[in-house]
Amino acid sequence: MSSERRPRVVTITVGTNELRWLDRCLGSLLDSDTTGFDLEVCYVDNDSADGSVDHVRETWPAATIIRNDRNLGFAGANNVGMRRALESGADYVFLVNPDTWTPPGLVRGLTELAEKWPEYGIVGPLQYRYDPDSTALDEFNEWTHTALWLGEQHAFAGDGLAHPSSAGPPQGRAPRTLEHAYVQGSALFARTAMLREIGLLDEVLHTYYEETDLCRRARWAGWRVALHLDLGIQHRGGGGAAVPSTYSRVHMRRNRYYYLLTDVDWHPAKAARLAGRWLVADLLGHSVVGRVPAATGARETVEALRWLADRVPTMRSRRRDHRALRARGRTGGAKGGAR
């Protein structure tokens with residue numbers, strides 16, 4: 001990175017009653033190697049009741065604290081942190097979950113990649129098994145295994161329906177990058193210039209699929225999105241909705257349909273075919289978060305469909321916005337340029 005200019009990075013960690021993870025997470029971020037850039041570590045508390053705010057204030061005084069007076073979900077709470085970062089003139093934001101451990105060189109590595117390759121709007125590390133007693137990156141977690149298996153196919157490749165990949169052309173890529181369909185929000189490094197253009201996380205989604213949506217919007221606008229194969233982070237989660245519950249099952253269902261029905265790269269007939277396949281499985285209780293009795297599956301699916309029906313005007317508006325964004329991206333060409 002240039003010695004004349006020091007880019008500014010803000011890390012954003014959202015916590016909702018996750019005190020037990022915060023010391024290792026925030027401590028590792030604050031111990032980052034900041035050679036060549038300035039770093040601010042921000043903790044956004046999502047209306048916790050476990051003393052998280054007081055603990056962070058007393059134990060990690062160097063961290064910035066933002067306290068929400070209600071639970072805004074993953075999307076809303078991260079947007080609070082990102083808006084503050086944008087207002088303060090940050091060049092990059094790094095969304096990082098509480099149940100993570102960040103190696104000292106990770107933020108520097110992501111920053112150096114972004115500085116050298118300005119056409120990359122979103123990048124992320126591979127994720128490794130979380131081990132509170134070790135700093136080794138020696139075993140991929142579930143999400144990384146799935147990402148490497150699917151490679152550069154489309155977001156629903158696991159459903160077995162052929163569809164073009166959203167990955168960019170091989171020409172002009174940074175070395176050792178994989179343009180997977182999305183970078184998981186648990187460790188997502190984003191360029192603020194891109195966020196100013198495409199917007200922040202879609203708060204309609206609340207939790208689940210918000211980062212997948214952000215990545216597709218970045219690509220529609222002409223930015224590259226990729227995982228860096230030589231950078232890693234420990235993450236305890238990383239397998240989708242890690243805790244099966246009514247909340248996770250309903251949100252995963254409804255948001256999956258919302259995402260598909262607002263994707264302007266899918267022909268309506270093809271999207272309807274895939275949605276129909278999901279609907280049959282959901283009604284039978286074959287949820288994306290695990291199996292439940294058919295009666296439970298039917299009840300939760302009806303709840304998800306009612307939510308979708310109420311948001312038909314929103315989905316129409318999103319499709320208009322997405323078409324316009326894609327059109328601008330196609331006419332504007334690739335972002336950035338070689339440095």
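**Salt bridges, helices and buried spots**

User: How many salt bridges does the count come to?
Analyst: Heads up: this is a predicted model, where local features need pLDDT of at least 70, side-chain atom pairs count only at pLDDT 80 or more, and totals for chains, interfaces and linings use all residues. Residues are numbered from 1 along each chain as its sequence is written, and side-chain values use heavy atoms, with hydrogens and water left out. A salt bridge here is a side-chain nitrogen of Lys or Arg within 4 Å of a carboxyl oxygen of Asp or Glu. By this rule, the number of salt bridges is 23.

User: Which residue forms a salt bridge with Asp91?
Analyst: In that bridge, the closest N and O atoms are 3.3 Å apart. The pair links distant parts of the chain, with Asp91 in the loop between α3 (73-87) and β4 (92-96) and its partner in the segment before β1 (8-15), 86 residues apart. Helices (H or I, at least four residues) and strands (E, at least two) are DSSP runs, numbered from the N terminus. The partner of Asp91 is Arg5.

User: Are Asp91 and Arg5 buried, exposed or partly exposed?
Analyst: Buried means under 20% relative accessible area, exposed means over 50%, and partly exposed is in between (1.4 Å probe, protein chains only). Asp91 has 24%, while Arg5 has 35%. So Asp91 and Arg5 both count as partly exposed.

User: How far apart are the closest N and O atoms of Asp33 and Arg108?
Analyst: This pair also links distant parts of the chain: Asp33 sits in the loop between α1 (19-30) and β2 (38-46), and Arg108 in helix α4 (residues 106-116), 75 residues apart. Asp33 is partly exposed at 27% relative accessibility, and Arg108 is partly exposed at 25%. Their salt bridge has its closest N and O atoms at a distance of 2.8 Å.

User: Which residue pairs with Asp230, and what is its phi near?
Analyst: Asp230 forms a salt bridge with Arg176, with closest N and O atoms 3.0 Å apart. Asp230 lies in strand β9 (residues 224-235) and Arg176 in the loop between α5 (142-150) and β7 (177-178), 54 residues apart. Most residues other than glycine have a negative phi. The partner, with a positive value in a residue other than glycine, is Arg176, whose phi is near 60°.

User: Where does His206 lie?
Analyst: His206 is another residue to look at for its backbone: its phi is near 65°, a positive value in a residue other than glycine. His206 is partly exposed, with 22% relative accessibility. You'll find His206 in the loop between α6 and α7 (210-220).

User: What span is expected for α1?
Analyst: The expected span of a helix is 1.5 Å times one less than its number of residues. α1 has 12 residues and reaches 17 Å from its first C-alpha to its last. That is close to the expected value, 16 Å.

User: What covers the buried residues of α1?
Analyst: Buried residues in α1 include Trp21, Leu22, Cys25 and Leu29. Elements that cover the buried residues of α1 include β1, β2, α2 (52-59), β4, β5 (100-101) and β9.

User: How many residues of α8 are buried?
Analyst: α8 (residues 246-261) has 16 residues, which should span 22 Å, and its end C-alpha atoms are 23 Å apart, which agrees. The helix is mostly covered, and of its 16 residues the buried number is 13.

User: At what angle do α10 and α11 cross?
Analyst: Axes are lines fitted to C-alpha atoms, for helices over the stretch in contact, and angles run from 0 to 180 degrees between N-to-C directions. The axes of α10 (residues 294-310) and α11 (residues 312-332) come within 4 Å. The two helices are oblique to each other (under 35 degrees is roughly parallel, over 145 roughly antiparallel, 65 to 115 roughly perpendicular and the rest oblique). Their crossing angle is roughly 60°.

User: Which residues does Leu195 touch, not counting those up to four places away in sequence?
Analyst: Leu195 lies in helix α6 (residues 192-198) and is buried, at 2% relative accessibility. Contact means heavy atoms within 4.5 Å. With that rule, the residues that Leu195 touches are Met82, Val93, Ala190, Leu200 and Leu214.
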